[in-house]
Amino acid sequence: MDYDVIIIGAGPGGIFSAYELVKLRKDLKIAVFEVGNPLEKRKCPIDGEKIKSCVGCKPCSIMNGFGGAGAFSDGKYNITNQFGGTLYEYVGKKKAIELMKYVDDINTSHGGAQTKLYSTANTDIKKLCLKNDLHLLDASVRHLGTDINYVVLENIYNELKNSVDFHFLSFVEKVEMEKDGSYKVYVKDESFTSKYCIISAGRSGSKWMEQVSRDLEIPTKSNRVDIGVRVELPYEVFSHLTDELYESKIVYRTAKYGDLVRTFCMNPKGAVVNENTNGIVTVNGHSYEDPEKQTENTNFALLVAKHFSEPFKDSNGYGESIAKLSNMLGGGVIVQRFGDLTTGHRSTQSRIDEAFITPTLAATPGDLSLVMPKRILDGIIEMVYKLDKIAPGTANDDTLLYGVEVKFYNMEVDINENLETLHKNLFIIGDCSGITHSLSHASASGIHVARCIAERNYNK
Ligand SMILES: Cc1cc2nc3c(=O)[nH]c(=O)nc-3n(C[C@H](O)[C@H](O)[C@H](O)COP(=O)(O)OP(=O)(O)OC[C@H]3O[C@@H](n4cnc5c(N)ncnc54)[C@H](O)[C@@H]3O)c2cc1C
């Protein structure tokens, strides 16, 4: 056997499982295979001047490499069972929260100690929301910020690098189960074996994960995608919420269709950014702790959850097709003023330039109603007017909407309470399992599996 444990993917799921395994079992030989670069070599070429939009690098420095999809994210670790995944359905609510708090301890002891932990407990904002038929979800959120998140990752890597074999620029093509129950992974023209295998391939590995599930006959199901826009407005409009809570997850059931629309990934004084998933450019956002890097705007997503029932199975394909339409019309992400959208006008560059807000992303002015399905767009417009009641100014004409933002959900793989598949010692964790969709849940799933392996292996 080359290794005791092979981990596929160096995102939060993979990193935290390696961290806990090293802590609990110094005797184990552990390898991490990662298709992307080490942290310091991850550089997205978009500089806003010479290169303004995604040029489709392989591997993509935003999604792949040490730190995973979260490396340049806003580093918001939400400690809650109300969103970010359904880990609690597998490990229990109490344990899920304990695991997320443990992850928070690791982050704070590796460079994040000075960052703030926000909480929705005892806030009047909840009441204000309820008065307007809006629902504020409960959470504590540690906001590391893009800069401190990087420092934390750097410190964890430096601690792990002498105990773990990191193989970067190493795409695992195939995972095979051997006759003796061990696992073999194929990388370029080499192969490596291990007793335990942890797959943590994240969102960017979703298509690959589907293939692995087919090869190993692991049952899966898939039926959800969230589609929406990123809203950008002056920081002052939401400051009473973001100063107190930093991130507020607010849910609304639309009067017209009964769909759920929610705010997602709020970035006070942040910037809107491109995201590239499997060659499709969508929109996202982040912000920095460092005041020097902050902007005058706040951004957040408004997402409508779309659940499909049989016989339709390709919910991600549906989301991709809508994103492709915006790429086709705008060459990437489209931006539109709210006032233009509600009056049926395409936004033009001159209208955007004349607005009282400066966009933080150079997107193509256009018409989102040519891209988004009516039902989804109606829900977003309804939600903007609702939010205007608790944060007046949200429905101003100059509010910018960037589209499309798509939250792809990996298909859910069939795993048990140990996050283990029907094949003994093969674990699937993080976003590629379909049960986590966030930094804290993905990291917590890594800790959980590491503890299972550490215990099980004592009688090796
Ligand atoms: C721009 C952005 C901002 C975000 N902001 C936040 C936030 O503030 N808060 C939050 O909770 N969540 C945020 N998220 C989501 C969060 O980053 C993910 O939920 C989290 O990273 C999932 O962790 P993971 O380890 O499961 O997967 P990932 O982080 O996606 O890591 C998986 C890793 O596996 C590698 N990989 C995939 N396939 C293979 C293969 N076959 N062989 C080898 N390696 C492979 C990939 O290169 C990747 O590095 C954000 C995401 C993005 C893109």
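This is a predicted model: local features need pLDDT of at least 70, side-chain atom pairs count only at pLDDT 80 or more; totals for chains, interfaces and linings use all residues.
1. If its neighbours within four places in sequence are left aside, Ile6 is in contact with Ala31, Phe33, Tyr183, Val185, Phe192, Ser194 and Cys197.

2. Around the ligand there are 43 residues, of which Gly9, Gly11, Gly68, Gly202 and Gly430 come nearest. Two or more residues of this shell come from each of helix H1 (12-24), strand E3 (76-79), strand E16 (280-286) and helix H12 (439-456). Sorted by class, the shell has 14 nonpolar, 23 polar and six charged residues. Because domain 1 and domain 2 both give residues to the shell, it lies between them.

3. Which residues of helix H7 (residues 235-245) are buried? They are Val237, Phe238, Leu241, Thr242 and Leu245, and they cover an arc of only 95° around the axis, which puts them on the same side of H7. In an α-helix there are 3.6 residues a turn, so residues three or four places apart point the same way.

4. The buried residues of H7 pack against strands E4 (116-119), E12 (224-234), E14 (260-267) and E17 (297-307), and against helix H4 (125-131). On the face of H7 turned away from its buried side are the exposed residues Glu236 and Asp243. After H7 comes Tyr246, whose phi is positive, near 60°.

Conventions:
Residues are numbered from 1 along each chain as its sequence is written. Two residues are in contact if their C-beta atoms, placed from the backbone, lie within 7 Å. A residue is near a molecule or strand if its C-beta atom, placed from the backbone, lies within 6 Å of it. Helices (H or I, at least four residues) and strands (E, at least two) are DSSP runs, numbered from the N terminus. Ala, Val, Leu, Ile, Met, Phe, Trp, Tyr, Cys and Pro count as nonpolar, Asp, Glu, Lys and Arg as charged, and the others, Gly among them, as polar. Domain bounds come from an automatic or database domain assignment. A residue is buried if 20 or more other C-beta atoms lie within 10 Å of its own, exposed if 12 or fewer, and partly exposed in between; C-beta atoms are placed from the backbone. The arc is that of the directions from the helix axis to the C-beta atoms.
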